[in-house]
Amino acid sequence: MPASVMPTSSRGDGSQSSAAVSAVGLRKSYGDKTVLDGIDLRIPAGSVFALLGPNGAGKTTTVQILSTLISADGGQAQVAGHDLSADPQAVRAAIGVTGQFSAVDGLITGEENMLLMADLHHLPRREGRRVAAELLERFDLTEAAKKPAATYSGGMKRRLDIAMTLVGDPRIIFLDEPTTGLDPRARHNMWQIIRDLVTGGVTVFLTTQYLEEADELADRIAVLHDGRIAAEGSAEELKRLIPGGHIRLRFTDPAAYRSAATELTEATRDDEALALHIPSDGSQRELRSILDWLEAAGIEADELTVHTPDLDDVFFALTSSSSNESSRGVTEPGSSVNEPKEKAR
Ligand SMILES: Nc1ncnc2c1ncn2[C@@H]1O[C@H](COP(=O)(O)OP(=O)(O)OP(=O)(O)O)[C@@H](O)[C@H]1O
Ligand SMILES: [Mg+2]
């Protein structure tokens with residue numbers, strides 16, 4: 001336990017005193033190509049963090065650095081309370097990594113793959129067999145355990161891959177695109193596996209290209225673009241970052257609708273539905289100002305709904321290279337992600 005307590009918490013937010021992963025200014029280049037251009041991360045223990053980014057954004061590179069497979073060119077990071085460069089051995093002992101490309105050996109059986117991992121973790125033979133059997137059972141692979149892994153479906157291989165990662169009982173696991181290539185049912189199964197891990201107290205660092213997946217699983221999401229974190233926050237916070245959100249007021253009384261429409265000049269009218277769309281970031285402050293205004297004007301709306309854009313909108317807005325200029329505004333105020341949260345306090 002003490003190993004996961006980070007003494008370096010500088011945010012002073014009290015609620016998240018221990019970080020499973022924290023990094024400041026991580027950099028990595030290959031030749032003259034800068035892949036990571038100063039990445040900061042702070043992942044509370046017991047949470048799910050999703051790193052999103054298009055192909056080649058540097059997701060795998062980040063995972064490889066944090067899991068000690070490669071070293072960064074600059075910056076500092078602690079994983080499970082251990083410094084990456086000073087004590088990589090201790091980091092390795094605390095983590096599990098399921099790489100983007102399967103570590104499963106197809107020529108041997110699922111069970112043999114598991115036992116190989118148990119050997120790598122120096123588990124005594126009997127203990128290794130017990131752990132392997134238990135994990136195979138948990139991942140619904142008992143029936144297939146004696147078949148060569150090459151005969152497994154993609155979903156089964158992925159499950160075996162994660163089961164192998166769990167042999168050492170890691171407190172932090174890195175899952176690099178755990179559901180790429182899986183069908184919808186297998187993907188949902190994988191999500192459940194990830195949720196169960198978190199319930200068991202494990203911290204999950206996952207990379208994904210699926211916004212839906214990040215939305216579904218992650219407490220916090222970071223979007224990697226051009227070597228930097230273009231935005232970071234909860235799914236809701238990220239959705240508030242980009243335009244497209246609005247507050248919809250619907251009326252049943254046409255007179256109330258008309259007077260509201262005359263007054264709220266910035267609203268888009270939907271005369272048929274007697275509804276007004278007011279551009280908004282959906283923050284509490286904006287919501288309150290609209291409610292106050294309605295109150296003062298003596299207008300009563302029958303329905304008020306807040307519409308936030310979905311993560312796909314966010315992803316495209318933040319990672320389209322053609323919109324560099326417009327994304328800048330979102331990129332720089334990393335603080336703007338936190339703003340609505342502070343307002344809400
Ligand atoms: N060993 C290497 N040598 C040279 N370039 C590399 C190496 N590893 C990665 N790169 C480059 O670094 C960039 C980031 O690669 P990385 O694999 O981290 O991206 P990714 O976000 O995981 O992409 P994907 O979604 O396709 O998995 C790419 O441009 C890649 O070509
Ligand atoms: Mg990758």
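Which hand does the crossing have where H3 passes H4? It's right-handed. Bear in mind that this is a predicted model.

## H3 against H4

H3 and helix H4, which covers residues 125–138, pack with their axes 9 Å apart and at an angle of about 135°. Roughly antiparallel would take an angle over 145 degrees, so this pair counts as oblique.

On the H3 side, the contact uses Gly 110, Glu 111, Met 114, Leu 115, Ala 118 and Asp 119. Facing them in H4 are Gly 128, Val 131, Ala 132, Leu 135 and Leu 136. Sorted by class, that's seven nonpolar residues, two polar and two charged.

## H3 against H5

H3 (residues 110–120) also packs on helix H5 (residues 154–165), at about 25° and with the axes 9 Å apart. That angle makes the two helices roughly parallel. Here too, H3 makes a right-handed crossing as it passes H5.

From H3 come Gly 110, Asn 113, Met 114 and Met 117, while H5 brings Leu 160, Ala 163 and Met 164. No charged residues turn up in this contact: five are nonpolar and two polar.

## The cores

Now for the nonpolar cores. The largest has 58 residues, and Val 21, Ala 50 and Val 223 have the most contacts inside it. Leaving out residues up to four places away in sequence, Ala 50 touches Leu 206, Thr 208, Ala 214, Leu 217, Ala 218 and Ile 221.

There's also a second, separate core of 20 residues, with Val 104, Met 114, Ala 132 and Leu 166 among them.

Conventions:
Residues numbered from 1 in each chain as written. Chains lettered and ligands numbered in written order. Predicted model: local features only at pLDDT ≥ 70, side-chain atom pairs only at ≥ 80, totals over all residues. Core = buried A, V, L, I, M, F, W, Y, C linked by C-beta atoms within 7 Å. Buried ≥ 20, exposed ≤ 12 C-beta atoms within 10 Å, placed from the backbone. Contact = placed C-beta atoms within 7 Å. Axes fitted to C-alpha atoms, helices over the stretch in contact; angles between N-to-C directions. Helix = DSSP H or I, 4+ residues; strand = E, 2+ residues; numbered from the N terminus. Parallel < 35°, antiparallel > 145°, perpendicular 65-115°, else oblique. Left-handed = near helix turned anticlockwise from the far one by under 90°. Nonpolar A, V, L, I, M, F, W, Y, C, P; charged D, E, K, R; others polar.
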